[in-house]
Amino acid sequence: MRWRSLMKLVLLVLVAAFTAGEVTAQVEVAVSDSVRKYKFLAKTARSKKDYAEARTYYGELVKYSVRDLQAHFFHGDMNFRLRNLEEARLAFSTALSLDSLHVNSNLRLYSIHTAGDRADSAARCLERVLLAKPEADEYRRKLADLYRREDRAQEAITHYAKLLERVGEEEEIIEMLALLNQDLGNADEALRWRSKLVVDGEETVNAERLESVVELQLETGDVEGALESLFKLAVVDTANAYAYYNRIASISEESGDEEVLLRAREGMVRADPQDLQT
């Protein structure tokens, strides 16, 4: 009797297991069919630029295929195009939870954070883009500019310097590096970058830039270099030659350099013959 009861129990377990297996298989087939259906419908709607319909289908697709990175991205992208920015943000965040370096999701999220004045979050998106694509000069420039606007000078310097290594000595970037280092009180570094902007040859020297070099040379204690730059300025910017020679005279008088003082006074007389006192 016990044996028969035991056999019945075994049979019931086997039937239940078989039934459960059948149900599981049927569910898997149904899910697979749904994934194929919604993927096809979503792609078709997207190709027709019917973003509202595509958004609906991608929304259904991610319910059946929760780890489908592309599905989450396109769900976000459709919402982004329809300006449903909060839904888009959530979808892109889900995509990034699957792959934090997914470039397109990071770029879309960067746009959303930028529009919402969330600079820190926007910067993190671009940092991840550059981890995935370190050669993306366009995004490195955006990130450097973002850090500069947010008064994060050291981070801006890091990315401007890396950018300069790739694009060559671009004047605008060198100017940024000089200004940022000057803001941080790194006079030596500021002078190094600023000096790159001063081209040798009297016809090509930019007087304004050379004046800034003079200030940095004096700040770093390079008096001899500052005097040399001032003499060059007197030749380049003849309209202000007297003022440059006068400044040279003041500096050399303080340092007790009689030879340079004499040259400066001779220059002052040449620049203004009416200066009878000099």
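## Charges over rings

The charged end of Arg83 sits over the ring of Phe80, 5.0 Å from the ring's centre. A charge sits over a ring if NZ of Lys or CZ of Arg is within 6 Å of the ring centre and within 35 degrees of the ring normal. Arg192 places its charged end over the ring of Trp193, 4.4 Å from the centre.

The model is predicted: local features need pLDDT of at least 70, side-chain atom pairs count only at pLDDT 80 or more, and totals for chains, interfaces and linings use all residues. Residues are numbered from 1 along each chain as its sequence is written, and side-chain values use heavy atoms, with hydrogens and water left out.

## Aromatic pairs

There are six aromatic pairs (rings of Phe, Tyr and Trp, the last by its six-membered ring, with centres within 6.5 Å; planes under 30 degrees apart are stacked, over 60 edge-to-face, the rest tilted). Tyr38 and Tyr57 make a tilted pair, 6.4 Å centre to centre with 35° between the planes. Tyr38 lies in helix H1 (residues 2-47) and Tyr57 in helix H2 (residues 51-64), so the pair ties together parts 19 residues apart in sequence. Helices here are DSSP runs of H or I with at least four residues, numbered from the N terminus.

Both Tyr38 and Tyr57 are buried (under 20% relative accessible area, 1.4 Å probe, protein chains only). Ring pairs also link Tyr58, Phe73, Phe74 and Phe92 into a cluster.

## Helix H13

The buried residues of H13 are Ala241, Tyr244, Tyr245, Ile248, Ala249, Ile251 and Ser252. After H13 comes Gly256, with a positive phi near 75°.

Technical notes:
Buried means under 20% relative accessible area, exposed over 50%, partly exposed in between (1.4 Å probe, protein chains only). Helices (H or I, at least four residues) and strands (E, at least two) are DSSP runs, numbered from the N terminus.
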